[in-house]
Amino acid sequence: VLATGARGPDGADTPELLALRANVLLTLGDGVAAASILQRAPGVERNADLARAAAESALLAGEDARACAIADGLGTGREQTYWLRLRAFCQALAGQDTQAQLTFDLAQAQARDATFGRLMTAKLGAGAPGAASLRNGLDYALSRSLNLDLSAATPAPALAGATEPT
């Protein structure tokens, strides 16, 4: 029922409910269905929750460029910590290390996160990455990009299905 493409009852296709459906599907390990819902969702760039679900779906699928495009297209909520972190990751992927460092510093000033900090510092070439992290799609993508041993990490309960090999 969550993955159906059929039109729901009136009020069931709000951006918040679409994001919730996609997040549940990701948790269940059905990233393909989540991506399908999100690709058809109108206004992804106008809703931070919907855009975050789409970005996480892309990151978990190994589609970093798609996640970065979603972040670039977001028109509202760009100042939120998640988006600063994703932007720093995308800038590092693009070889824009100076911009990535500045964005990373802004994100850490807004909400310090030791795990993201350790991984992103390593991505920027200034430290050891330590162990892989599977707390969310962004940590997963960072860990993957650093060639860390993902099989040694325990996924967060919400990502257990999404990070299992298919």
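Y82 and W83 are both buried, where buried denotes under 20% relative accessible area, exposed over 50% and partly exposed the range in between (1.4 Å probe, protein chains only). The model is predicted, so local features need pLDDT of at least 70 and side-chain atom pairs count only at pLDDT 80 or more, whereas totals for chains, interfaces and linings use all residues. Residues are numbered from 1 along each chain as its sequence is written, and side-chain values use heavy atoms, with hydrogens and water left out.

Two aromatic pairs are found in a search of the whole structure. In the pair of Y82 and W83, the ring centres are 5.0 Å apart and the planes stand at 85°, so the arrangement is edge-to-face. Rings of Phe, Tyr and Trp (its six-membered ring) are paired if their centres lie within 6.5 Å; planes under 30 degrees apart are classed as stacked, over 60 as edge-to-face and the rest as tilted.

R85 belongs to helix α5 (residues 81-93); helices (H or I, at least four residues) and strands (E, at least two) are DSSP runs numbered from the N terminus. R85 is buried because its relative accessible area is 15%. Apart from neighbours within four places in sequence, R85 is in contact with A107, Q108, A111, R112, D113, F116 and L138, contact being heavy atoms within 4.5 Å. One of these residues, F116, has R85 over the face of its ring, at 5.4 Å from the ring centre. The criterion for a charge over a ring is NZ of Lys or CZ of Arg within 6 Å of the ring centre and within 35 degrees of the ring normal.

F116 is also one of the buried residues of helix α7 (residues 114-123), together with G117, L119, M120 and A122. The cover over the buried residues of α7 includes α5, α6 (97-110) and α8 (137-145). Just after α7, G125 adopts a positive phi of about 80°.

Helix α4 (residues 64-73) has D64, A67, C68, I70 and A71 buried. Viewed down the axis of α4, these buried residues fall within an arc of 155°, so they line one face of the helix; the arc is that of the directions from the helix axis to the C-beta atoms. On the other side of α4, A65 and D72 are exposed. The packing partners of the buried residues of α4 are α3 (48-60), α5 and α8.

The structure contains one disulfide, defined as a pair of cysteine sulfur atoms within 2.5 Å. This disulfide is formed by C68 and C90, with the sulfur atoms 2.0 Å apart. The pair links distant parts of the chain, C68 lying in helix α4 and C90 in helix α5, 22 residues apart. The link of C68 and C90 is left-handed, with -95° about the S-S bond. C68 counts as buried because its relative accessibility is 12%, and C90 counts as buried at 11%.

In the segment after α8, N147 is found. N147 has a phi near 60°, a positive value in a residue other than glycine. N147 counts as exposed because its relative accessibility is 70%.
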